[in-house]
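Dear colleague,

Please find below the structure that I am handing over to you.

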Amino acid sequence: MRRLFGLLMGFAILFSYSVQAQGRAALEDALRRDIERARERVFPALVNILVVDRYFDGGRAQYSLGGGSGVIVSPDGLVLTNYHVASDAVRIFCTLSTGERLEAEALHHDALTDLSVLRLKLPPNAPKREFPYAPLGDSDTLKTGDYVLAMGNPLLLASSVTLGIVSNPKRVFLNPFNQEIEGAEFERGDRSGMLTRWIQHDALILPGNSGGPLVNLQGEVVGINQLGGSGIGFAIPSRIARAVLEQVRRTGRVERGWLGFRAMPVEKMRRTDGVLVAAITPGSPAEQAGLQPGDIVLRIDGKPTNARFPEEIPLVYLQIAELPIGKTVAIEYLRNGERKTAQAQVERMEPYYGDEDEFRTLGCTARDITRPMARASRLPEAGVQITGIRPGYPLDTAEPKLNVGDAIVRYGERAIRNLQDLREAIDAHNDQENIPIVFQRRTETLITVIRNRPPSPPSPNVELPKAWLGVRTQVITQPVAQALGDPNLKGFRITEVLPYTEASKAGLQVGDLIVALNGEPLEAFRTQDARDLERRIERLPIGETATLTIVRNGTRQEVRVVMEPSPAAAEAARSVRQNELDFAVRDITPLDRMRNRWREDQQGVLVTEVPNGSWGQLAGLRNGDLILAINEQPIQTVQDFQQAMQTVVQQQPPVVILYVLRDRETSFVFIEPDWKEITQ
């Protein structure tokens, strides 16, 4: 009986294990089906974004490559991505899941939510079409533990998906000491977080995933991934993304209401309703309405404003942001236990930083001054702030000196309110040599004068030719002499014989040891004697035949060489800078042909400078490249180069094709400039 009972128990346990295993398998199959459904719904709308970013450094505009992810959210090709992916872009290229590459235009950048709205551009004369798109879901329905998929292009590798769960659907970043909300800060200083409660999840995201969709298992976009690392990811909720998208669709921009007070939660004050006024911005609607730090705001425009905990503060700011601009609203608040009401007119929320641009002829970069900048940094509201000065250019000649951070309020005879005023003033004073500038530095208003002249090209260093021997040599030091088997050797060992020279014609070879010149022994044996042979050659008449005593394979012999004139140095060659694409070239010299082992009749112009961040550097142009043709037009001299580039600047082709000789092999460099930016 006991044995029978044991057998029955064993069967029961095995049956239970089998049922559990079948249940797990069913759950895994269901999850796999859900993942496949979500992937098939969203993957066709995923885009890989490559951008040409413009940034400002050293008083000039520079360019770099960047990238991220995005998702198509409408059949007419609207794309959502991160502000920090696309905000500085002058060219945006989107690669679709099919491999098709389309250029995109930015419709609006919204720093406050770290979102950008793009539109895919069809090629010229292409018929209209509908794009595959992903639907936006409701991020407010997300719960801790829900499965989510992070889709994007990690490390710019196309079309990736990772699985995770929602860790916290309402995450805010807090200062642990005073419980104030802190935002995410971008490289340029813009901040995001005032309006956002992030979706925290553990689906792996890496650099390149920024801007990609966070997707629920129904195949809906519930967030736009923004930050990640160490197994933690953060996404902007689709509720915020939808509001931004709808405003851009409707008006082409995003506008938000602003009252000008900083809010804090009231839980520390033993309250469950209202929001604490922590600070008032000078000149703001809140100040004009009479609000003070310490007030408890209860209602705005008839709606409760409750932030008991820090996670509720973004909801208060969102409530204010949605107020109609220009509307006068009632603010109900408590002060010292007394209930009061004030009236405030809603203003438009302004970004902290104004637009920035380069002024190439002046040699500087500057930005518009916004009211928030003016309040925070004691700057005038009318004017432009200098952000960089390029050495050697007119603004660098100012007496007294101008500094980064100074605000230009007058240029010559013209008052300056913004960047456009400065552009027009520069054009109006183009022929004036000395230009006065009025500027503000902190609390001082100063005047300076600049010399309105572009930097002069360096003068050619022209020297009279001297006698020259077309070889390179090394001193036969004592260690070298011992290595050659004769400790008493002195003189020079030939390390290179340059082609097309009299030395080459005379039969000199690498490894020959020059021990005497015209019968006079060479006593060089120290490294500081390296120029002794060169100096003695230079004293000989050009055209004279000199006798070199050499040792070759242990045998002494004499070689007669005609002294030829020294070839022109690179400094004597004509040079020119191409301002729009920002690189410099010069004519090649006979010495260039010899040292690079080019043909004796080789033509072209040699690239001598490709600054970091220039369009040339971005396309892969290098110092030392020999440009042979531009857009199939042969280039032999600097004059040819200038004529070809003048045509290019006039025609502004989308791609400038340089045919170059590099490291003894030909190659192509494709420069794709943004002509609108560099010719304005």
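Ile49, Val71, Ile72, Leu80, Ile92 and Leu120 touch the most other members of the largest nonpolar core, which has 44 residues. A nonpolar core here is a set of buried Ala, Val, Leu, Ile, Met, Phe, Trp, Tyr and Cys residues joined through side-chain atoms within 4.5 Å; buried means under 20% relative accessible area with a 1.4 Å probe, protein chains only. Helix α3 (residues 238-251) gives the most to this core, with 5 residues. Apart from this core lies another of 31 residues, including Val585, Val638, Val660 and Trp675.

Please note that this is a predicted model, in which local features need pLDDT of at least 70 and side-chain atom pairs count only at pLDDT 80 or more, while totals for chains, interfaces and linings use all residues. Residues are numbered from 1 along each chain as its sequence is written, and side-chain values use heavy atoms, with hydrogens and water left out.

As to the chain as a whole, its secondary structure comprises 14 helices and 46 strands, taken as DSSP runs numbered from the N terminus (helices H or I, at least four residues; strands E, at least two). With a radius of gyration of 36 Å, well over the 26 Å that the globule rule gives for 680 residues, the chain is more spread out than a compact globule. The radius is taken over C-alpha atoms, and the rule is 2.2 Å times the number of residues to the power 0.38. Along the principal axes, the C-alpha atoms fill a box of roughly 110 × 100 × 55 Å. Of the 680 residues, 47% count as buried.

With kind regards

Note on methods:
Buried < 20%, exposed > 50% of the residue type's maximum accessible area, 1.4 Å probe, protein only.
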